[in-house]
Amino acid sequence: MSRTNETKKNGNTNAPAHHLPPQTKPPAASTTAPTALMQQTGNQAVGQATNTTDNAAPAYPDRSIGKAYTKYLYSPLHEAVLDKFGVGRRGLFRSKELNEFRDRLKKAARLQANTNISNQLDNHASLENKGVFEKKIVGMTANKEAYSLAKGSVNQVMATESDNIIEKLLPQEQVYEQLWATAETANNSSALERDIKQPQAKNIYGAVSKKAEQLLKQIEPIAVNEARSIVKGDKFIKGSVGDAMRQQQLTEATTTQVTDDNIAGQAIDKVINADTLESGLNKIRGIIDRVVPNDGDSASFECQLKIPFGQTGGYAFIAFEAEAEHDEGMNLGAQIGIGLGYDAKVIDVNAQFGMHVEAEATDTQAALNLISYGMYRYTNRIYPTVAEKLWGMGGKSGNTAQQEAEAWATAIEAKHLDDGDSSVQVGNFIQLALAIKSGIAEADIQLQGKLYTHYDKETISENTFGNFGDETEWSVLDAKAKMLSKYNTKGVKIGASGDISLDLGFGELQLSGEGELDWRNGGPESVELSFGISLPFNYGDDNADWIYIINKVYGPMMSLFTTMNRTIANKSQSQADANSHSKAQMQGAMIDAASDSSIFLPQFDEIGHQLVSATKTVDPETDEIEHMIKMSSSTALTFSFEYEFANQEKNEPSEWEVAAELSKVKNFEVDTGIFKFSVEKSKQLAKLGREKKEGNIATVKTLLGNKL
């Protein structure tokens with residue numbers, strides 16, 4: 001039985017196996033135990049009949065001695081010596097010499113663990129298809145895990161040394177002779193001397209326990225001083241110093257213990273199972289895949305917190321916006337800003353400044369990693385030490401924090417930017433917004449300017465002398481981080497958007513438009529324009545019957561067929577390519593289908609009307625009805641134009657698309673005046689247009705999820 005299992009069996013996780021009582025025969029001194037002692041106490045202790053002879057060990061005294069030895073002598077003595085070795089104590093409560101000694105042991109343990117990790121990684125089956133830097137990240141992260149795990153091996157060596165000290169000062173066999181003699185004396189005492197109210201076995205155990213406590217009192221100061229002698233010198237010898245030879249032996253024992261404990265294997269398995277390069281984003285990935293599971297799906301999220309300046313109408317605010325679009329890949333964007341505004345009831349104007357990041361990638365996981373990559377580059381440009389703390393490992397991998405962070409970024413480049421089409425843009429933005437409210441109309445207008453840095457395979461290679469992804473030399477990681485922090489090839493995006501809502505009496509007419517010009521590398525990169533129109537079904541309002549039919553019958557029916565067709569197509573594709581469509585996306589498609597089906601139920605409409613009506617208020621100044629909660633379902637028609645300018649240097653021709661698109665849009669909004677939260681989800685139902693790609697002009701036709 002192993003030391004750990006044996007000690008647990010006897011009720012003490014610190015006690016080693018070789019200090020436990022023998023199970024078949026006690027030490028030599030006990031062989032003279034009278035048969036009467038065996039018969040009177042042994043059977044009583046175990047609660048069963050036991051046939052004994054002069055050569056057999058009495059059952060209860062043997063167990064009684066073992067229990068008393070462990071509880072009253074070995075365990076407290078072992079813990080006292082471990083405490084002197086610093087086990088369980090923080091560095092603040094240890095001496096300088098003890099901290100230096102333990103630091104040497106931990107350094108040796110971690111170096112050995114790192115060496116073992118490096119050796120095991122070379123032939124690890126799970127890493128065969130990983131890139132160079134992704135393997136390095138696994139190794140570095142395993143080193144970080146081993147940084148903590150190796151401490152356990154150090155403590156195990158201290159526990160073994162504690163056992164050695166105890167055995168040296170108080171050999172187990174001699175202790176058992178003394179305890180056995182005490183048990184015999186207790187058994188042979190006269191009835192008048194024995195406590196007649198207690199069973200005989202308990203009197204024997206009490207006597208043995210007292211003897212063990214006496215031995216502990218005698219030997220503990222000596223044992224503790226033995227430990228002290230190794231670390232900083234004998235307490236009772238003036239000028240004594242630590243035992244350098246024994247310290248070296250313990251250091252060597254520590255490296256052996258690390259290998260025996262397989263710290264390297266434990267650390268590598270933990271890292272691989274956690275998929276460290278991407279694990280932090282997996283939960284967010286699942287949410288996004290469920291919200292926009294199929295091509296043609298998009299969603300946006302907005303959250304705003306206002307801090308009013310008394311009754312002046314002025315306010316400060318914090319805003320966060322995010323959007324996702326699934327269109328033959330995944331496009332993600334987010335921005336966070338702070339601003340000031342003024343609300344004059346009819347007119348609300350505000351301005352905000354902040355940071356934005358946008359990623360275009362093959363799938364959700366890649367896009368999320370590129371978002372993180374962009375934020376790292378942005379942070380490293382402004383606050384390098386913060387970037388090192390957030391994306392590094394604190395130097396625990398055996399490298400500098402900057403190397404750790406840059407190695408992670410380089411692994412992301414190799415995995416998600418190597419296709420040449422994926423990219424990430426990150427920078428600052430400024431935005432002006434104007435909202436106008438009147439009795440029959442509402443208008444929202446926004447002007448936005450973005451200054452950004454564009455990262456893709458080409459720009460990174462150009463600005464780092466070819467050190468992109470797995471082509472990066474480890475020795476230039478620090479220089480690469482500095483080069484990209486000074487990379488100032490900027491892009492500018494100028495955009496404008498507007499929404500107008502008109503109350504027509506029988507329903508609401510919504511008009512929207514937006515445009516954006518992207519200017520990069522001294523010339524125009526692309527331009528986008530769109531115009532949309534819809535007649536939404538608003539819960540809690542009076543809507544014409546034909547508006548209800550469009551938005552609550554035909555719209556959901558088309559959306560349901562679209563979801564079903566895309567789900568079937570994606571399932572077939574998933575059978576051919578296991579990575580083509582995630583489980584979360586399949587779940588998202590099923591949720592969409594259930595939502596489209598439930599909207600036909602009258603109960604669903606009733607719940608929506610009740611929820612919106614319950615939060616209805618009337619403005620005392622304008623007598624206008626306002627809703628704290630707004631829910632709407634609409635079928636929107638959008639006309640769009642996109643144009644990408646030709647790049648003469650790269651010999652790339654211009655590309656463009658003109659299209660009309662029919663979409664099902666669902667909107668949910670909560671606006672308390674102080675806090676605003678809104679979510680919008682759109683599903684493409686049909687699309688008709690013309691496009692030019694790679695010099696070829698073609699017609700684009702999509703109906704209910706099927707390309708025609």
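Trainee: How are H12 and H13 oriented to each other?
Mentor: Keep in mind that this is a predicted model. Helix H12, residues 384-391, packs against helix H13, residues 401-416, at an angle of about 70 degrees. Angles of 65 to 115 degrees count as roughly perpendicular, so H12 and H13 are roughly perpendicular to each other.

Trainee: What is the distance between the axes of H12 and H13?
Mentor: Their axes are 8 Å apart.

Trainee: Left-handed or right-handed crossing?
Mentor: H12 passes H13 in a left-handed crossing.

Trainee: Which residues make the contact?
Mentor: H12 contributes Ala387, Glu388 and Trp391. From H13 come Ala401, Gln402, Glu404, Ala405 and Trp408. By type, the residues of this contact are 5 nonpolar, 1 polar and 2 charged.

Trainee: Changing topic. How many cavities of 30 Å³ or more are there?
Mentor: The count comes to 1 cavity of 30 Å³ or more. The volume of the largest cavity is about 60 Å³.

Trainee: What lines the largest cavity?
Mentor: Its lining consists of Ser559, Asp592, Asp596, Lys664, Lys666, Lys681, Ser682 and Lys683. Helix H17 (583-598), strand S14 (655-671) and strand S15 (675-693) each give two or more residues to that lining.

Trainee: Which element gives the most?
Mentor: S15 does, with 3 residues.

Key
Residues numbered from 1 in each chain as written. Predicted model: local features only at pLDDT ≥ 70, side-chain atom pairs only at ≥ 80, totals over all residues. Heavy atoms only, no water. Axes fitted to C-alpha atoms, helices over the stretch in contact; angles between N-to-C directions. Helix = DSSP H or I, 4+ residues; strand = E, 2+ residues; numbered from the N terminus. Parallel < 35°, antiparallel > 145°, perpendicular 65-115°, else oblique. Left-handed = near helix turned anticlockwise from the far one by under 90°. Contact = heavy atoms within 4.5 Å. Nonpolar A, V, L, I, M, F, W, Y, C, P; charged D, E, K, R; others polar. 1 Å grid on protein atoms, 1.4 Å probe; cavity = no way out; pocket = protein on both sides within 12 Å on 5 of 7 lines; lining within 4 Å. Points joined across faces, edges and corners; volume = space filled by probe spheres on them.
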